[in-house]
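Please study the sequence and the structure shown below. Then work through the exercises in order.

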Amino acid sequence: MRFDGKVAFVTGGNRGIGASICKRLASEGADIAFIDRAPDPQEEVTKAVNNFGKRAIFYEADVTDKAMIEEVVANVVKELGSLDILVNNAGITRDNLLIRMKEEDWRAVIDINLTGIFNVTQAVAKIMLKQRSGSIINIASVIGISGNAGQVNYAASKAGVIGVTKSLAKEFANRGIRVNAVAPGFIETAMTKALSEDVREKARQLIPLGFFGEPEDVAAAVSFLASEDARYITGQVLVVDGGMIR
Ligand code: NAI
């Protein structure tokens, strides 16, 4: 129970990797505040957190709405008492070749995946700086390291997330706050189930371990980085991809 007495804040926590992170951190003792722009299916996550004997609060909020995020964060501290772990997980894809990409698809991905992290982290960091403790984990992607045809917007946003992570680690190091990123490879969620069987098979062939990861594999890495076991680790990108990129 390494997170007993701690409060975690998870964005995009309703489903997929975010939901798995909420459950994993609760299973190790954390109370959970999570937000998502979609209202459903938060009940399933709330129930799972409660089954571990932990409190869960859900807010329907969009990471691009800075004013709303500030209100939500203030409310979390009022309701749960502190804010010790932040997981910036909310993210989207709007894939297309550069030549065909609509400007709105470029902007939507940068707004949510990158500016969303700025909005949430600025609000939460104020609390952590006062506490002089905290752990921030940003969900990047291997695409932010390797690049990928058809994903210039997504790759730019996730490379940006890595830049934010490394800079913030330096900015916050002497304030007792660690900042790290997890870069998942191919993980079985709604995001990747939407791909054609052909694309999935090609992706599988690129993975030395030979299978796709599950959301729980990412949650385990997040949990490690959030914990005191990682107390000497900051500014790092932990790649969770079955060996896909080297
Ligand atoms: P998902 O699509 O299953 O879940 C994302 C969640 O974020 C959804 O519940 C969605 O409603 C929420 N969300 C989206 N935009 C939001 C916004 N503006 N404000 C608040 N919530 C918002 O996706 P998945 O696969 O669980 O991905 C989670 C994170 O992991 C994303 O940042 C994604 O880029 C990253 N990732 C996923 C990989 C994969 O293979 N599934 C690989 C590498 C990174």
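**Exercises with solutions**

W106 belongs to helix α4, residues 103–131; helices (H or I, at least four residues) and strands (E, at least two) are DSSP runs, numbered from the N terminus. This is a predicted model, in which local features need pLDDT of at least 70 and side-chain atom pairs count only at pLDDT 80 or more, while totals for chains, interfaces and linings use all residues. Residues are numbered from 1 along each chain as its sequence is written, and side-chain values use heavy atoms, without hydrogens and water.

**Exercise 1.** Classify D31 as buried or exposed.

*Solution.* Step 1: locate D31, which lies in strand β2 (residues 31–36). Step 2: apply the cut-offs, where buried means under 20% relative accessible area, exposed over 50%, and partly exposed in between (1.4 Å probe, protein chains only). Step 3: the relative accessible area of D31 is 11%, so D31 is buried.

**Exercise 2.** Classify W106 by its relative accessibility.

*Solution.* The value for W106 is 36%, so this residue counts as partly exposed.

**Exercise 3.** Identify the contacts of D31, leaving aside its neighbours within four places in sequence.

*Solution.* Step 1: contact means heavy atoms within 4.5 Å. Step 2: with those neighbours within four places left aside, D31 is in contact with K6, V7, A8, K54, R55 and L80.

**Exercise 4.** Which residues does V76 contact, leaving aside its neighbours within four places in sequence?

*Solution.* Under that condition, V76 is in contact with V7, F9, A33, Y59, G81, S82 and L83.
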